[in-house]
Amino acid sequence: MADAAYLKVENLTKKFGDFTALENISLEVFEGEFVCFLGPSGCGKTTLLRAIAGLDIQTLGRIEQAGRDISGLPPSERDFGIVFQSYALFPNLTVNRNVAYGLENRKIPKPEIEAKVTELLQLVGLPEQGKKYPAQLSGGQQQRVALARALATSPGLLLLDEPLSALDAKVRARLRHEIKDLQLKLGVTTIMVTHDQEEALTMADRIVVMNEGVIEQVGTPEDIYSRPESPFVADFVGTMNFLAGTAGTQGRVKLDGIELTTNGHTDDNDDGGAAAPGDAITICIRPEDVVTRGVTKDTDNAVPAVVDTLEFLGSFYRISLHTQGPDRTGFRADVSINLMRDLDISEGQDVVVSLPADLIRIYGEAFIHSDETV
């Protein structure tokens, strides 16, 4: 990855009347990188992509691409290709003509256009489809044509606006890998908007998690999943247990009267690590990190619990439990099918589980969401 960013977004704000869609966004994207803008509907991710493309000019701020200030340039003068969720293919043009469209507008000689179109259709796995019309293709094939068209002019930046959301699950999974492989092969700097955490985790070099017009966290998929910097990120990416607790002494916390050791993983945006003993805090741990095998009451961070329900989810079971203290705090544990057979867990059973110290994160009470109970 180069030292200098290929794309720089600096202090960008976008308002629609009195509504602020983006607020003071700053971001750097490096050459050859695959970055995903991830977040719920209305978080601002598509607005940010459209600002980069020049389709919605920002209210304030600056955008720079390859050292060039493009903040006020129209889309036609920016160096990008774009793929939309709706494909946006020309229905009256053949696949060949759709892919060739941008090249024809640039007055490229016809033999060069034909060679480029042939190369691109081969690249996206549609070498025999050039004479067909979009309506004769499946959704996945149409999206491949849209991708070939976006790449035809060899843009420096490829923008993907939820390109897979209109496709069924199997086609989405296949195209995820195809798009990522193609991006790696071409080395084109790519930004993709998605609300699908699985897409972001499997495709991105870095993920930009957005919420209500601001960036919550930027990091690798591993960082985002394993080291979320806010409860929003922890909750939006993957499944998380949010447990009401109190701060203890020397890095310890209390959960329903049980003292747990932690390794001090606290939210960078608050003073969770400096909470005074007795202060309310939020204890977070992912269901797959709850240890169920070989745990006794003498195990570190052992928590006696009662099994409420068992939910079969195909490759694993999700166990809903509650602590045995007066608070009866609910939480979940994910257990593989093989381990489930070995443990022979049933509803209503008393069990002892462990919450590993290095996998617990602590957030301040102010960040507890109203819907974080199990």
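Visitor: What volume does the largest pocket have?
Guide: The model is predicted, so local features need pLDDT of at least 70 and side-chain atom pairs count only at pLDDT 80 or more, while totals for chains, interfaces and linings use all residues. Residues are numbered from 1 along each chain as its sequence is written, and side-chain values use heavy atoms, without hydrogens and water. On a 1 Å grid over the protein atoms alone, a pocket is an open set of points with protein on both sides within 12 Å along at least five of seven lines, and a cavity is a set where a 1.4 Å probe fits but cannot get out; lining residues have an atom within 4 Å of a point. With points joined across faces, edges and corners, and volume taken as the space filled by probe spheres set on them, the largest pocket holds about 570 Å³.

Visitor: Which element gives the most to the lining of the largest pocket?
Guide: The lining has 22 residues, with Phe80, Gly81, Ile82, Gly102 and Thr153 nearest the centre. β6 (80–83), α2 (95–105) and α4 each give two or more; helices (H or I, at least four residues) and strands (E, at least two) are DSSP runs, numbered from the N terminus. With four residues, the most comes from α2.

Visitor: Which element gives the most to the lining of the second largest pocket?
Guide: That pocket has a volume of about 290 Å³. Among its 16 lining residues, Asn96, Arg97, Glu114, Val117 and Thr118 are closest to the centre. Seven residues come from the top contributor, α3.

Visitor: How much space lies in the largest cavity?
Guide: The structure has one cavity of 30 Å³ or more. Leu147, Gln183 and Val188 are among the residues lining the largest cavity. Its space is about 40 Å³.
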